[in-house]
Amino acid sequence: MDVYGIDFTSSPSPKKPITCRLCRLDGEVLHALSPSAWTGFGAFEAALALPGPWIAGIDFPFGLPRRFVADVGWPQAWRDYVRHAESLGKVGYEAVLNTYRTSQPAGEKEHRRVTDERVGSVSPQKLFFPPVGKMFFQGAPRLVEAGVDVPGLQEGDPARTVVEAYPGVLARSVTKESYKHDRARRQTARQRDARFWILRALTGGELAARYGITVEADDPELVDDPTGDSLDALLCAVQAAWAWRNRERLFASSGVEPTEGWIADPKGV
């Protein structure tokens, strides 16, 4: 089975591309194959259109918190509110998030989804630090347009399956140390050590009990890339592979929040 891990960004460029890692799942072994760097959304859209079968794990929030969607009066169905957000345009969409945030009391300005609470990810309403709200705006409409299957949210082409990944929760299961930074002056040898131990845990079988797979990878960029994008793409692929191996339970689960979505990790569901 082809497995793609995709580290997404809301503003791809040569300096900060969308990073993809193609992998091959063979039983309990995930083989890390070729990397790709996409400097624009066109390549991302083309990848979503590739004929299957394949599964992709993509690192951005597919959904928004149910409470926020209800409070601002958007449609509750996922496809409908994604389309509505898109129709507002980037400026209009961000204005809704900003207005809502300023109108709420302290501690209630940005909500988290059920799955965010479980894995420790930030609110999808955040527009900065990190800009995951912007990533939702750029990513989710493209999933709708591509007609891919998004278990729990959208019935699409069953040969092209997409799940939400969050590499941070996987990395933290190995080390609590920081393992990446986009700014060169904040990149350290200690972070490189952390990337080494995360990769070693994947390839050495330490995480097999949790994810059911062992990774085979020999690309030095997985450790040497100080931004962590290369490693994050592989972590996304691991979570996608875990989801695929557990698809009979996960993809038909009535426990998936149909408005918010879910993160493909044992802690996320």
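## Close-up views of a predicted model

**View 1. Aspartate 116 and the residues around it.** Leaving aside residues up to four places away in sequence, aspartate 116 touches Ser121, Val122, Pro124 and Ile263 (contact means heavy atoms within 4.5 Å). This is a predicted model: local features need pLDDT of at least 70, side-chain atom pairs count only at pLDDT 80 or more, and totals for chains, interfaces and linings use all residues. Residues are numbered from 1 along each chain as its sequence is written, and side-chain values use heavy atoms, with hydrogens and water left out. Aspartate 116 sits in helix H5 (residues 114-119). Helices (H or I, at least four residues) and strands (E, at least two) are DSSP runs, numbered from the N terminus. Is aspartate 116 buried or exposed? Its relative accessibility is 1%, so aspartate 116 counts as buried. Buried means under 20% relative accessible area, exposed over 50%, and partly exposed in between (1.4 Å probe, protein chains only).

View 2. Seven strands form an open sheet with mixed pairing, in the order S5-S6-S4-S1-S2-S3-S7. Two strands pair if DSSP finds at least two bridges between them. Strand S5 (148-149) and strand S7 (214-216) stand at the edges. Each has a single partner strand, so one side of each has no neighbour in the sheet.

**View 3. Helices on the sheet.** Helix H1 (residues 41-48) packs on the sheet and touches S1, strand S2 (18-26), strand S3 (29-38), S4, S5 and S6. The direction of H1 makes about 145 degrees with that of S4. Helix H11 (residues 229-245) lies across S1, S2, S3, S4, S6 and S7. H11 runs at about 135 degrees to S1. Axes are lines fitted to C-alpha atoms, for helices over the stretch in contact, and angles run from 0 to 180 degrees between N-to-C directions.

**View 4. Strand S4 and its two partners.** Why is strand S4 (residues 54-58) largely enclosed by the rest of the structure? Five of its five residues are buried, so the rest of the structure largely encloses S4. Trp54, Ala56 and Ile58 point one way from S4, while Ile55 and Gly57 point the other way. Strand S1 (residues 2-7) runs parallel to S4, joined by five bridges. Here glycine 5 has glycine 57 of S4 as its bridge partner. S4 also pairs with strand S6 (residues 157-164), in the parallel sense, over five bridges. There isoleucine 55 has threonine 161 of S6 as its bridge partner.

**View 5. Helix H1 against helix H6.** H1 and H6 pack at about 40 degrees, with their axes 10 Å apart. Phe41, Phe44, Glu45 and Leu48 of H1 meet Gln138, Arg142, Leu143 and Ala146 of H6. These contact residues divide into five nonpolar, one polar and two charged. Ala, Val, Leu, Ile, Met, Phe, Trp, Tyr, Cys and Pro count as nonpolar, Asp, Glu, Lys and Arg as charged, and the others, Gly among them, as polar.

**View 6. Helix H4 against helix H6.** Helix H4 (residues 89-103) packs on helix H6 (residues 132-146) at about 140 degrees, with their axes 11 Å apart. Gly89, Lys90, Tyr93 and Glu94 of H4 meet Gly133, Lys134, Phe136 and Phe137 of H6.
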